[in-house]
Structures are given as C-alpha cells and as structure tokens.
Amino acid sequence: MKKQFILLSLVAVGLMSCNSSKKKTETITDDNGIPAMQSIDDTTPTSWELVMLDGASISQNDAEKKIHFQLNAADKTVTGFSGCNTFRGSYKLEEGNRISFSQMASTRMACPDTTINESEILKALEQTDNYTFNDGKLSLNVGRRAPLAIFKKVPMENIIVEKYWKLKTLDGTDITMVDNQEREIYFTLKNDGRVTGFSGCNGINGEYNLEKGNRIRFKNMAATLKACPDMDLDEQAVLDVFNTADNYTINGDILHLNIGRRAPLAVFEAVYMQ
C-alpha cells in the first residue's frame with residue numbers, strides 16, 4: 001500500500017512538472033495563431049517614421065525631413081509631416097490594439113518634386129481601425145488585411161538634435177528680426193553634445209545633456225563679445241533661457257524650452273534649409 005502511494009505521488013509530481021513546463025513555453029496568440037503584439041504607449045514621446053506604404057518599402061535615408069507622425073497624449077492630437085506638408089488631427093486609442101484617426105487637416109504647400117503621394121499617407125491614417133506593434137515597428141491596419149502603412153519607432157531625443165531651431169517667442173513675446181540684425185536667433189544641438197547658435201548679435205556655444213522624461217540640461221553657455229548698441233533685444237534674456245531650462249516639449253516642428261511645468265521660457269520652430 002505504501003509503495004502504491006509513493007508511486008502515485010511520483011506520477012502526480014511528474015504530471016504537474018509537465019503542465020508547468022507547458023505553461024512556461026505557451027505563447028499567447030490571436031485568433032489566427034499569430035503571437036499577440038505589444039501595445040503602444042502614447043504617453044512616451046515618440047516619433048513614428050514611415051518605412052512602408054501600401055506594401056511598398058519607403059526609403060528615407062537621404063531625406064532631410066522624414067515622413068512621420070507623433071501622438072500627443074495630453075490632448076489626443078496627432079501631428080506629422082507627409083513629405084511636403086504638415087498635418088494635424090485627433091486620434092483615439094482603445095483596448096485590443098484599436099486605434100482610429102480623424103480626418104486630417106493639412107497645409108497646402110505645393111511640392112512638384114515630391115515622389116510620394118501625400119494623400120495616400122493621410123488616407124492610410126484615416127482608414128486605420130487597428131494596429132500591431134512588434135520589434136519597434138508599428139503597422140496600421142484596417143480589419144485583418146495587409147498593413148496600410150508601417151512605421152518605425154524613433155526616440156524623440158533623436159528628433160531634436162542636428163536641427164536648426166529658430167526662436168519664435170521669448171517669455172511669451174513674439175520675436176522678429178530687426179533691420180540691423182545679422183541673422184535670426186537660433187540654436188542647434190550637435191550629436192557630439194555641443195550647442196551652437198546665434199543670440200541676435202553674438203554667436204553662442206556650450207554643451208547639453210538629454211535625459212529621460214524630456215529632460216535637458218545646458219552648461220557652459222557662452223557668447224562672443226561683439227558690441228551691438230542698437231540692438232533692441234536683450235541677448236542676456238536669450239542666454240538665460242538656456243541657463244534656466246530643465247525640460248522640453250515638442251509638437252511636430254515646434255519646440256518649447258521650459259522650467260518645471262510653467263509656461264514656456266521660449267518657443268522655437270525647426271527650419272529646413274533648401
């Protein structure tokens with residue numbers, strides 16, 4: 001009797017071990033037996049760059065400004081660039097990897113040399129009702145058909161470096177060039193951690209660090225010592241933005257430098273050289 005009990009116990013342990021092993025190797029799949037995709041997080045600043053449209057691969061390696069879109073969780077808006085024009089709309093994220101976009105409003109700039117039909121990009125967004133996300137690739141789909149478009153995930157810190165950021169507003173005041181101003185006020189974050197720019201009369205330079213959570217730190221900011229007695233703008237106010245800012249927000253081509261959660265210290269716009 002005792003031997004039978006021990007034998008049954010061993011069998012039970014063996015069965016439990018098998019079941020446990022099966023559970024460890026079990027993969028959650030959808031109705032088609034395809035491994036379930038991850039969900040996207042619209043609260044993490046991310047740019048989605050186009051890599052495929054209607055089954056055709058899209059190469060943007062040489063593009064100065066890449067076709068992309070961004071989801072802005074705060075107000076549920078989507079902003080992006082479709083090859084020539086910028087666009088804007090709204091979106092809705094729901095459980096089960098459901099996503100939908102409103103009709104997009106787009107600028108109407110004419111670009112005869114554009115090789116991609118911009119309307120097809122906007123149409124893909126507006127037709128989308130679900131998505132799959134895996135290995136850094138986001139597929140926008142309608143029903144269970146082949147993807148309408150595929151985008152790759154690009155961290156936002158890669159979006160703000162090596163761009164020409166022109167000053168638009170300073171402490172809430174619009175900034176325009178004056179007649180005797182050599183060039184517009186701007187700055188650029190270099191890949192090697194340097195900052196270069198122009199503050200209205202003098203060139204500026206320094207260093208920066210980007211950290212998680214859209215944190216940015218400027219240090220060792222300095223300016224040349226050229227005298228411009230007729231300048232209406234206080235250049236020190238421009239430098240103070242860099243010395244004070246501790247975070248940034250970005251919406252399309254508009255960059256805000258902020259301190260804490262207050263109103264922006266300064267607002268900049270990306271300018272793309274021809």
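# Notebook: a first look through the predicted model

**Overall make-up.** I began with the secondary structure of the chain, which comes to 4 helices and 19 strands. I keep in mind throughout that this is a predicted model. I then looked up how much of the chain is buried, and found that buried residues make up 38% of its 274 residues. Turning to contacts with a separation of 6 or more, I noted that residues 24 or more positions apart account for 45% of them.

**Helix α4.** Next I went to helix α4, which covers residues 235-244, and listed its buried residues as Glu235, Val238, Leu239, Val241 and Phe242. Looking down the axis of α4, I saw that these buried residues fall within an arc of 140°, so they line one face of the helix. I asked which strands the buried residues of α4 pack against. They pack against β11 (164-170), β13 (186-189), β15 (203-211), β16 (215-223), β18 (254-258) and β19 (266-271). At the start of α4 I also noted Asp234, where a side-chain oxygen reaches to within 3.0 Å of the backbone nitrogen of Gln236.

**Asn258.** I followed one of those strands, β18, to Asn258, which is found in it. Is Asn258 buried or exposed? Its relative accessible area is 4%, and the cut-off for buried is under 20%, so Asn258 counts as buried. Leaving aside neighbours within four places in sequence, I listed its contacts as Ala245, Asp246, Asn247, Tyr248, Thr249, Pro264 and Leu265.

**Ala149.** I then looked up Ala149, which is found in strand β10, residues 149-155, and which counts as buried at 3% relative accessibility. With neighbours within four places in sequence left aside, Ala149 is in contact with Leu50, Met52, Leu53, Ala124, Leu138, Ser139 and Leu140. I also checked Ala149 against Ile121, and found the two 28 residues apart in sequence and 7.9 Å apart in space, C-alpha to C-alpha.

**Two positive phi values.** Asp135 is not a glycine, yet it has a positive phi of about 55°. Asp135 is found in the loop between β8 (130-134) and β9 (137-141), and at 70% relative accessibility it counts as exposed. For Glu162, another residue other than glycine, I noted a positive phi near 55°. Glu162 is found in the loop between α3 (157-160) and β11, and at 40% relative accessibility it counts as partly exposed.

Last, I looked for empty space, which shows up when a probe the size of a water molecule is rolled over the atoms.

The largest pocket has a volume of about 760 Å³. I counted 26 residues in the lining of this pocket, and those nearest its centre are Lys65, Phe81, Gly83, Cys84 and Cys111. By class, the lining of the largest pocket has 14 nonpolar, 9 polar and 3 charged residues.

Definitions and conventions. Residues numbered from 1 in each chain as written. Predicted model: local features only at pLDDT ≥ 70, side-chain atom pairs only at ≥ 80, totals over all residues. Heavy atoms only, no water. Buried < 20%, exposed > 50% of the residue type's maximum accessible area, 1.4 Å probe, protein only. Arc of directions from axis to C-beta. Contact = heavy atoms within 4.5 Å. Polar contact = N/O pair within 3.5 Å; in protein donor to acceptor, adjacent residues only side chain to side chain. 1 Å grid on protein atoms, 1.4 Å probe; cavity = no way out; pocket = protein on both sides within 12 Å on 5 of 7 lines; lining within 4 Å. Points joined across faces, edges and corners; volume = space filled by probe spheres on them. Nonpolar A, V, L, I, M, F, W, Y, C, P; charged D, E, K, R; others polar.
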